[in-house]
Amino acid sequence: EEFDPGTDPELKQYQGKYVCYASNELGTAMSKEAVLKTDVPPSQQKEKTITHRAEQGNSFVLQCDPPQSSMEPIIHWMDMRKWLRHIQLDKRVVVGKDGSLYFAHLTLEDNRNDYTCNVQYLATRTIFAKEPITLIVNPSNSVVRNRRPAMMRPTGSSSVYHALRDDTIELECIVNGLPTPEIKWLKKNGELPESRAKREMFDRRLQLINITESDSGEYQCIAQNSQGKVTHTYMLTVEASPYWKRVPESQIYAPGENVRLDCEAKGTPTPVMSWTINGTPLSATDKEPRRSVTGNTSLILKDVIFGDTAIYQCQASNKHGTILTNTYVYVIELPPQILTEDRKLYQVTEGQSVQMDCETFGSPKPKVIVNLLTSGELQIFDVTHDDKGFYTCSVQNHNLSISSELQVFNKTVIVTPPKDLKVQPGNTAVFTCVEFHDIGLDDPIIQWRKNKKKLFESPSDEKYTFEGPEFMIANVEPEDEGVYTCEVITNLDKADASATLSLYDRPDPPSLLQISDPVQRAVTLSWTPGDNHNSLVQEYVVEFEDQRFREKGWEELQRVKGNQEHALLSLWPYMSYRFRVIAINEVGKSNPSKPSEIHNTPAEAPDNNPEDVRSESSDPNNLVIAWEVYYRNFNGPEFKYKVQWRRVLGSGPKWHESNTTAPPLIVNDVGDFSAFEIKVQAINEVGEGPEPDPVIGYSGEDVPLEAPMDVGIELINSTTIKVSWAAVDRETVRGHLMGYKIYVTRRGSRGHHRGRRSREFESTMIEETGPNDEKKVISNLRPYSHYELAITVFNKKGEGPRSEPMDFETQEGEPGPPTSLILDSPSETNMTLHWTPPAHPNGILIGYLLQYQRSNPMQVEKLDDPTVTHFTLTNLDRHSEYQFYVRGRTNAGDGEPIKMRGATTLDGETPKDVSISVGENLVNVSWVAKKRHKNIGFYIHYKKNDGGKWKTSEKVNYSQSFYQLQGLSPGSHYDLRFIHGNATFQKMTINTSGTEVTEVQQSIVTQGWFISVVSVIVLLVLIMLIFCFIKRSKGGKYSVKDKEDGPMDSEARPMKDETFGEYRFAIFNLTLILWNVLNP
């Protein structure tokens, strides 16, 4: 009977379980149980306004108390001010599953009078706004104390939970404490199923989705702050309502077949299995020996008959529910059929699996050939090329069969997958994905994804660009980080490869610098590292700034490794330090951290004295004491230097002393170059530095007083002398003896008289020696020259007077090489050598030595006349090349040669193998000019072969190797002859390119006589024009006699104008005739 419970206001009477039955001639099917429950809609109760008072730092709970209902409410805590706004939630302020608002600890900002709990029921589409609650937070009278965490919800140390398989369960952990505790969730004796575990409400809730029996166990919430920690344990038991592991299939059967319906279900507790036929339990039907149940899971029907056609129900139940499945058994006789189409084509790529269908129908069920599965499907796993071909499916004992073709293509692969990239922000990231696919397949689609989401080219901002195998991401930002996948999709298969894009950049600066463990001269500086932006910090640089000398800025103090978060810093006394830290990774330096608080070190006496104490005296009669300045380690206030000095001789008198704040200290009137003991000691208000060791310093130097004596010169050879002298008295040096300077001045050559020598350029060489030397060998002098020598002694201040000059002459030496050499070959076997005398004869030339050789031995020509500057060598081999040498000769020997390689010049010859390149009005002629051959001249005679005259080119030189013959006519035939002397050495015929131009006969206008005649005519015309202008200008003036002869005809003046017009017309005609003549 059909009814609508919604029309009856008393719905409670309809609560219960319902089953639907559907019947026809083949049987009755049942639905699963449906449970009907009724509930009263939630209603809002009248409430009073509530005011709560609490102390700052304490925890607190504002109750919501939503109306009772079987529906799950949604809670919103809001204010009631100008705009309805949600109360700001965070780790300190959270909403519990019971709807209450929990404060881990109160702050003064929590004061308000409009905490409103809004309860929303989605099913009834209603929202109830509770009365506003006032919370007054009283300031604490003392310093708010930190508190260790404590559980607020749930209470105690443990709680028990039960849940069903596939449900979602939510564990709650709300704690109080100051500072606000951090929450960590874990599973004892196991790991959290991260793929199904979700943390919400600022880690105060752990949600487990689609739980299974394996999720049973103990879970822990650990809340921790700086004061301690608290742990709550959740014992979770997961049971399951029945669920199917195996259900029987509906089938068609032929009479006489055996039927087995297998039905298996799981659940916790283990479900109870039962069978019904057309909705009637087996126990309520007639007993049938052909029907049996094994293990409550399988129903067996033997030798079925048409009457066994029915709908069989398998049902599984436990305390959590019931499930049911309907199975259709249809007993009938039908002839076999193959339902799958014939000649079906299957296409796969290697490595895939293929299932070739051979669906049959009939009762009894047709039996197919043995290589097919009983279901009528042929499955091939991991297909290879060997599997391609034709397959046949046949029904046994019947003439029924179909065939199918299997085509196998090469597998699509990614040969160059994208690689993981680390890119700096603002740069462009480029992923490359090169694929290979079978040529028999259509071109694939390359799809890029980011975190499994499809990407598309963005023409507006050009963020993503796809160019063939490359995918570019412009202006990379933090939002672009992720996993990028290249998918190559064909119509048969797909290949993919993924890579990660991560940004790396300079690290963020360290923070929270803290100074701890101060000792006399050291502190420990610790810091919290900043974000390294995917690039490990390699090192930290600790810098300091002295607050007393801030103008010096920040200076590096120490470096530590990147895995350290603290540094032990050695400090100087009497310093006011501020520290900062810089992190460095492979990209660069971070910005400096915020400076630390100021740390002052106490004053102490100086640790050490200045270094490099010395005398820098430069002027006579004073002592300048200098040292390296202290720039920082004064160790205390009132810092200065105590400088002491005394003479060395006889240990001197007592120490002289003077205090100064900076070097140098100058002491006057101490004499020239006197030795002093000097020392410098650092002192400050606290005390003195250690006693310094004295050093020796000297007062200012003056130039030496005397020159070296007993100077001697010994000639060793034409270019070398040995000079000796007596050492000077050290007292006359008046300073540190640095050594001696020898001045050697060349006055000229011995071969020139005094007047000529005075015009020669003088050169001076200076040789220095050590302070203990009394002799010196001087080389590289010019032979056969006049020299002058003097010696001085020098110290740091300068040089003393020179010794008396001494003259000496160097011996005659071997001459230098001739200045130039030119080879000239007058014939094929002779060679004339031309040379110029040596620039440095180094003596008196007595002749020259000529040497030449083709191979060993050397041949020599000796010339005894020094004035000869050329010589001809005869009977040389015309086929060989020679090396020629020319040397000057003095009585000291033969000098250095000037040398040159050459060969004689061969007689000239006419060009061989002449090549031509023809244009429209020119021909390029080229040949290979042989080396060593004399240059000869020749001419090119040419003429048109239409009977024209021969023309001759200018003279062509053999050595040119190229000549361009110009002035030819396009499209013409020319005969060429190459002539040397009176002989023709080559002939050829050429055809110029282009179209032949008919030669225009010489115009009459170019003839000289015609030009003369035209010039005379033009002159006469000009004279006539001048005459006409003169007559016309006199036309209005007549003599008395003309007037008396009679009255003037009235037509007279016009007649004259017409006459003049005729003149002009005649001139115009004449000009036109001349124009036509000149331009026919």
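Cys358 and Cys393 are both buried, where buried stands for under 20% relative accessible area, exposed for over 50% and partly exposed for what lies in between, with a 1.4 Å probe and protein chains only. In this predicted model, local features need pLDDT of at least 70 and side-chain atom pairs count only at pLDDT 80 or more, while totals for chains, interfaces and linings use all residues. Residues are numbered from 1 along each chain as its sequence is written, and side-chain values use heavy atoms, with hydrogens and water left out.

The two cysteines are joined by a disulfide with an S to S distance of 1.8 Å, a disulfide being a pair of cysteine sulfur atoms within 2.5 Å. The torsion about the S-S bond of Cys358 and Cys393 is about -80 degrees, so this disulfide is left-handed. Cys358 sits in the loop between strand E33 (354–357) and strand E34 (360–363), and Cys393 in strand E36 (residues 389–395), so the pair ties together parts that are 35 residues apart in sequence; helices (H or I, at least four residues) and strands (E, at least two) are DSSP runs, numbered from the N terminus.

## Other cysteines

The structure holds 5 disulfides, and one of them links Cys263 and Cys314, whose sulfur atoms are 1.9 Å apart. This link is left-handed, with -90 degrees about the S-S bond. Cys263 lies in the loop between strand E23 (259–262) and strand E24 (264–268) and Cys314 in strand E29 (residues 310–318), so the bond connects parts that are 51 residues apart in sequence. Both Cys263 and Cys314 are buried.

Cys433 is joined to Cys486 by a disulfide, S to S 2.0 Å, and the torsion about the S-S bond of this pair is about -75 degrees, so it too is left-handed. Cys433 is buried, with a relative accessible area of 1%, and Cys486 is buried as well, at 0%. When the bonded cysteines of the chain are numbered in sequence order, the pairing runs 1-2, 3-4, 5-6, 7-8, 9-10. Cys20 is in no disulfide, and the nearest cysteine sulfur, that of Cys314, is 19 Å away.

## Annotated domains

The unreviewed UniProt entry places the annotation "domain: Fibronectin type-III" on residues 509–604, 609–702, 707–813 and 817–908; UniProt positions are given in the numbering used here, feature names are shortened, and annotations may be inferred rather than shown by experiment. Over residues 509–604 the chain is 0% helix and 49% strand, with the end C-alpha atoms 35 Å apart, and over residues 817–908 it is 0% helix and 51% strand, with the end C-alpha atoms 34 Å apart.
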